[in-house]
Amino acid sequence: MAVIIRHMNPGDVAWGMSLKDQAGWNQTRQDWERFLALEPEGCFVAEYQGQRAGTTVALCFGQVAWLAMVLVDHALRRRGIGRALVAHALQYLESRQVLTVRLDATSLGRPLYEQFGFQIEYSLTRFTGVPVFVECSSHISMRPADAKDFSEVCTLDATVTHTDRRRLLAAWWSDKQVIKYVTDGNNQVSAYAMIRPGSRASMVGPILANPDIGLAVFSKVLVACATRPIYLDLPDFQPVAQHCAERVGLRAERSFFRMWLGQKPCELRHYLWASSGPECG
Ligand SMILES: CC(C)(COP(=O)(O)OP(=O)(O)OC[C@H]1O[C@@H](n2cnc3c(N)ncnc32)[C@H](O)[C@@H]1OP(=O)(O)O)[C@@H](O)C(=O)NCCC(=O)NCCS
């Protein structure tokens, strides 16, 4: 029987949360609502034999898009539903004329994406746990961000990621539950970090910082998180950050593969100390 793909609507969010729980993921209801607000035309539900079976979200940031929330109900897997969702989302992104599609693949998702021509850019490791307090002798000062930092944070983010994520950053910025820090250097923001609520643990990231101060900023963020359960997605090309996470008692939980399709992404990797999470790099 054919898979029918339609747009997701707010009435699907509670069911979307149950799918997400089935997979053990960390998104909140607010995350789903944010996706729907940011890109209602890019949020899809697959129906199979008259019942809701899967989801995906395609978010466009100019010519770069992120594909996320590819989830199929456990009982309905291996029937082509995941493939139909990804094909539909890619068609949508083609109509939006994006040049690059990026995503973070689980080991379950990777073979599916490879069939569409996605290639691995690099791997990341998810760390989890409660950081134990460590003395941080760093001379770097990190302060809570305020409204007037927003523009410089967007500039730093765009310089590092070569992507205009202003719409997404604005959505996080206006959410009082999202904790934001910045570090000042030479009269401009040289690093920023965010801690967002998650359904299982706080999601720490993105952490973007000039490489000269990156490890110091990273350590300070961990100190700020002491006593709360967190998730951190750390690129495998930043072993010093991973060692630091291990030193404060976090443990590696699983790997992701950051993949791309189309024009190869170009970013300042050495500025990337923690990813924002699997939904948008
Ligand atoms: C990944 C996922 C979305 C795939 O959904 P699905 O509906 O089962 O996928 P499809 O039936 O369309 O399978 C498409 C192809 O992917 C590959 N594939 C899917 N599941 C696989 C598995 N468990 N092992 C190996 N290959 C697999 C196969 O090549 C399959 O083609 P085939 O059936 O002709 O062999 C689903 O397993 C899922 O929701 N997993 C949990 C959440 C997750 O990890 N999502 C991916 C996020 S990146």
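Asp-12 touches Val-45 and Arg-52 when residues up to four places away in sequence are not counted; two residues are in contact if their C-beta atoms, placed from the backbone, lie within 7 Å. The structure is a predicted model, in which local features need pLDDT of at least 70, side-chain atom pairs count only at pLDDT 80 or more, and totals for chains, interfaces and linings use all residues. Residues are numbered from 1 along each chain as its sequence is written.

Asp-12 lies in the loop between strand E1 (3-7) and helix H1 (13-22). Helices (H or I, at least four residues) and strands (E, at least two) are DSSP runs, numbered from the N terminus. Because Asp-12 has 19 C-beta neighbours inside 10 Å, it counts as partly exposed. By definition a residue is buried if 20 or more other C-beta atoms lie within 10 Å of its own, exposed if 12 or fewer, and partly exposed in between, with C-beta atoms placed from the backbone. Gly-16 belongs to helix H1 and, with 24 C-beta neighbours inside 10 Å, counts as buried. Leaving aside residues up to four places away in sequence, Gly-16 touches Trp-32 and Thr-55.

The chain contains eight helices and 13 strands, and buried residues make up 43% of its 281 residues. Its C-alpha trace spans about 60 × 35 × 35 Å along the principal axes. For 281 residues, a compact globule would have a radius of gyration near 19 Å, and the chain agrees, with 19 Å; this radius is taken over C-alpha atoms, and the globule rule is 2.2 Å times the number of residues to the power 0.38. Of the contacts between residues at least 6 apart in sequence, 73% join residues at least 24 apart.

The chain is divided into domain 1 (3-98) and domain 2 (126-274), with bounds that come from an automatic or database domain assignment. The centres of the two domains, taken over C-alpha atoms, are separated by 26 Å. Eight residues of domain 1 are in contact with 14 residues of domain 2. On the side of domain 1 that touches domain 2, the residues divide into three nonpolar, four polar and one charged. Here Ala, Val, Leu, Ile, Met, Phe, Trp, Tyr, Cys and Pro count as nonpolar, Asp, Glu, Lys and Arg as charged, and the others, Gly among them, as polar.

The buried residues of H8 (residues 239-247) are Ala-241, Cys-244 and Ala-245. These residues lie on the same side of H8, because they cover an arc of only 100 degrees around the axis; the arc is that of the directions from the helix axis to the C-beta atoms. The face turned away from this buried side carries the exposed residues Pro-239, Val-240 and His-243. Strand E6 (119-129), helix H7 (214-224), strand E11 (230-235) and strand E13 (272-274) are included in what covers the buried residues of H8. After H8 comes Gly-249, with a positive phi near 95 degrees.

Helix H7 has buried residues of its own, including Val-217, Phe-218 and Leu-222. The buried residues of H7 pack against strand E8 (179-185), strand E9 (188-196), strand E10 (202-209), H8 and E13.
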